[in-house]
Amino acid sequence: SVKISLDDNCQFRCTFCTSRLQEHKSEMPWDMFTRLIDELVACGTKEIGLFYIGEPMLADRLVDAVRYCKQAGIEYVFITTNGHLAKRDKVKALMEAGLDSLKFSFNYADGMQIRSVAGVSPRVFSMIVENIKDAWEVKQEGGYKCGIYASSIMFDGAQGEAMKTAVKLIEGYVDEHYWLPCFSFGGQTDKIGR
């Protein structure tokens with residue numbers, strides 16, 4: 001299983017993520033991507049994650065990349081997104097291309113928190129919730145086999161309770177939601193705050 005970053009850019013500036021520390025961000029050239037996939041398939045790779053630090057939905061050729069992986073023989077293609085740009089049409093195109101797993105990194109309790117932590121408009125929180133619901137509808141309407149997941153960092157105290165309330169907004173719209181342990185990226189120890 002290998003993760004490949006098609007695009008290192010991200011529209012969020014999360015205080016807990018190492019992405020904000022990267023000085024040089026770029027999109028992988030298509031010929032480099034296809035060469036890597038061909039080499040990985042030849043070496044026996046079965047799973048490809050089309051993300052790493054950046055936001056995969058920013059990659060111009062994300063749908064093409066999913067399709068290329070599947071046509072090359074990759075059994076399982078997955079992405080994790082912050083959800084902001086996971087609009088209905090894009091999600092449908094990804095599922096049609098053969099995406100096996102779409103996971104939403106759901107780590108904000110509300111609009112005010114997403115503004116203070118990620119540096120985006122408070123409206124983005126509601127957009128993410130709607131995008132998750134839309135992705136579920138796309139899956140059901142099209143009969144796609146793509147799994148839809150969400151994960152959240154497990155905090156204690158007030159943040160933990162606020163996140164439990166936020167997760168209720170997406171219950172019934174994911175195949176599974178799970179909690180991840182609280183950890184830091186790249187040595188950063190900042191915590192999400194209200």
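Helices, by definition, are DSSP runs of H or I with at least four residues, and strands are runs of E with at least two, both numbered from the N terminus. With that in mind, I turn to the structure above. It is a predicted model, in which local features need pLDDT of at least 70 and side-chain atom pairs count only at pLDDT 80 or more, while totals for chains, interfaces and linings use all residues. Residues are numbered from 1 along each chain as its sequence is written, and side-chain values use heavy atoms, with hydrogens and water left out.

Let me begin with the sheet. It is open, has 6 strands in the order β1-β2-β3-β4-β5-β6, and its pairing is parallel; two strands pair if DSSP finds at least two bridges between them. Strands β1 (2-3) and β6 (176-180) stand at the edges with a single partner strand each, so one side of each has no neighbour in the sheet. Helix α2 packs on the sheet, touching β2 and β3, and its direction makes about 155° with that of β3. Here axes are lines fitted to C-alpha atoms, for helices over the stretch in contact, and angles run from 0 to 180 degrees between N-to-C directions. Strand β2 (residues 47-49) is joined to β3 by 3 bridges, and Gly-49 has Phe-78 as its bridge partner in β3.

Next, helix α3. Which of its residues are buried? In α3 (residues 88-97), they are Val-91, Leu-94, Met-95 and Ala-97. Buried means under 20% relative accessible area, exposed over 50%, and partly exposed in between, with a 1.4 Å probe and protein chains only. These residues lie on the same side of α3, because they cover an arc of only 160° around the axis; the arc is that of the directions from the helix axis to the C-beta atoms. On the other side, Asp-89 and Glu-96 are exposed. Just after α3, Gly-98 takes a positive phi of about 115°.

Finally, I come to Asn-131, which is placed in helix α5. Is Asn-131 buried or exposed? Asn-131 counts as buried, because its relative accessibility is 4%. Its side chain reaches the backbone oxygen of His-84 at 3.1 Å. That is a polar contact, a pair of N or O atoms within 3.5 Å; within protein, one must be able to donate a hydrogen and the other to accept it, and residues adjacent in sequence count only if both atoms are side-chain atoms. Leaving aside neighbours within four places in sequence, Asn-131 is in contact (heavy atoms within 4.5 Å) with residues including Gly-83, Leu-85 and Phe-104.
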